[in-house]
Each structure stands twice: as structure tokens, then as C-alpha cells.
Amino acid sequence: MLPSSIQISGEPLSGAEVRDICRGLRDNAVRLLSLRGCRLCDRDFGRICRALAGATSLAQLNLNLGVVSSPSRIKQLAEALRTNRSIQSLFLHGSPLTDAGLALLNPALALHPALVALDLGDCMLGDEAINLICGLLPPDGAKSGDHVAGMLAVAVASSRTLEVLDLEGTGLTNQSAQTLLDMVENYPTALRSLVLAENSISPELQQQICDLLSEGEEEEEVAGGAGDTQERERGREPAAHQRGSSSWMCPSDPSSQMVLMTSGLGDSLLAETEM
């Protein structure tokens, strides 16, 4: 089923409607969600935010006209945006955010890898909020290293073959390192080595990323070792059975016959049969 849209304006949302919205987000069946001016309780708003966090198909979110109406809702939305990686357009026009509310949202907005459109009109913002908004905009329209790192993290998270990524001396900061840390921590990738030397990134963040990559490699080695042991055990069982039987015949499958004839054990068994 292709992702669709949910658009409701100026209506109170029932519990059943909220459940349907959450189910659509969790099933990645919603590309546009617009709840413009809708009324819902704090509990239901929190349920939608939790579903937003894991949605991978949602590209546009409209919560205009007072839907984000309190500091607790701002925090819930910020938590959802920290995890979500798909939203490209966010509309909060007419929400009473104030400077304090935007300060809560700002870290999630700055780290979001896909967000390209943001509407904060009539959100009761002052000078402090304007400074934060200016910090979200790259100077002279240029894309910063952090912006590119966010886009790159999305690509790496979807790759199943990339094992080494060298970003040495590429102008990255702790902001991009945090994005990469979230990617390594929350997405199963084939990445084994991430080089971040000669960037303005704290040693602590670099070590966290290194530790997570090492843990993933160790887990695979343990799983691979167990698999090898099982393969060896499975390989021994037929031979033991064959040695103990009074008669032995080559399998009818030619491919199996070739495997036996090219092994030492197969040669000895074949010789015994011929004798």
C-alpha cells in the first residue's frame, strides 16, 4: 500500500481517530499528516508523538493553530523529532512556543537530517528565538559540513554494504557527531570503521561511536562463531552415521556425490565400498 495523507482541520479528535492515526504512522502508511487546529487531550498528543518517532514514510507534519499548546507538548514533539528521520516539512504556525519553547525544540531541529521547511509564524517568538533560528540557517546559503553529515547519515543508515567511512578533516562538529552517533546506535548497518580525526569533535563523542562500532563487530563474531560450530557439527553427523553403518551407498544427487569424492573421507568410504 502506498503512503497516503491524513488531513483534519479544526475538529476534536476522538480516541478511535487517534488510534487510526497512530496505526497508520507505525505501519508507514502516512506521508502527510495535517491536524491543523485540532483539539485532543495531552495523552492522545503523546501517543501521536511516540508514533511519529518511529515513522519512516512521513514527509510533512502540520500542527498549525495551537495544537502544540503547552511546554509538555513541546517536549514530547522534541523527543519525537530526535528519533524521526523522515520529516521534511514541519508547520507549527500559530503555536504559543515562546522563546523557551523554541529553545527546547532547537536541538532536535538542528540535528534532524531531512528537515528543509519550517513554519514558525505567529509563535510568540522574541530575540532569543530569532537567534536560534538564525543558527539553523547556513551562511550565504552554503551547506555546512554538519548539514552534509546529516544527509550522509541517512544514506549510511540505509546501506547494507558500506563498512568503512573516512570523514577526516571535513569540517564536522559535535552536532554532526551526535547525528552519526544516533545513526550507529539506532540503525543496523554494515559500518565497521568511521574516521572522524581532524574535526571539531570531542574525544568523548568519538569514543562513544568507536565503542558502538566495536560492540557490533564483536556481536557478529560471536554469532559467526556459533554458526561455524553448528556447521561443523552438522558436517560431522552424516560421516559418523556412515562409518557405523554396515553398508554405504553414494547419494543419488550428483552434486552431493562430487562433494564426497573430493574429500578425504569420501575417498576412503568409496574405496571400502569397492573392496
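The legends below describe close-up views of a predicted model. Residues are numbered from 1 along each chain as its sequence is written, and side-chain values use heavy atoms, with hydrogens and water left out. Local features need pLDDT of at least 70 and side-chain atom pairs count only at pLDDT 80 or more, while totals for chains, interfaces and linings use all residues.

**View 1. Strands β1 and β2 with helix α1.** Strand β1 (residues 4-7) pairs with β2 in the parallel sense over 4 bridges; two strands pair if DSSP finds at least two bridges between them. The chain passes from β1 through helix α1 (residues 15-26) to β2 in a right-handed β-α-β crossover. Right-handed means that, with the strands pointing away from the viewer, the path from the first strand over the helix to the second runs clockwise. Helices (H or I, at least four residues) and strands (E, at least two) are DSSP runs, numbered from the N terminus. Gln7 has Ser34 of β2 as its bridge partner.

**View 2. Strands β2 and β3 with helix α2.** Strand β3 (residues 60-62) runs parallel to β2 and is joined to β2 by 3 bridges. Leu32 has Gln60 of β3 as its bridge partner. Helix α2 (residues 42-54) carries the chain from β2 to β3, and this β-α-β crossover is also right-handed. Strand β2 (residues 30-34) is largely enclosed by the rest of the structure, because 4 of its 5 residues are buried (under 20% relative accessible area; exposed is over 50%, partly exposed in between; 1.4 Å probe, protein chains only).

**View 3. The largest nonpolar core around Leu25.** A nonpolar core is a set of buried Ala, Val, Leu, Ile, Met, Phe, Trp, Tyr and Cys residues joined through side-chain atoms within 4.5 Å. The largest has 41 residues, of which Leu25, Leu33, Ile48 and Leu105 touch the most other members. Elements giving two or more residues to this core are α1, β2, α2, α3 (71-83) and α4 (98-111); α2 gives the most, with 6 residues. Leu25 is in contact (heavy atoms within 4.5 Å) with residues including Val30, Leu33, Ile48 and Leu58, not counting residues up to four places away in sequence.

**View 4. Cys22 and Cys49.** The structure holds 0 disulfides, a disulfide being a pair of cysteine sulfur atoms within 2.5 Å. The sulfur of Cys49 is 9.3 Å from the closest cysteine sulfur, that of Cys22, and is therefore too far for a bond. Cys22 is buried at a relative accessible area of 3%, and Cys49 is buried at 4%.
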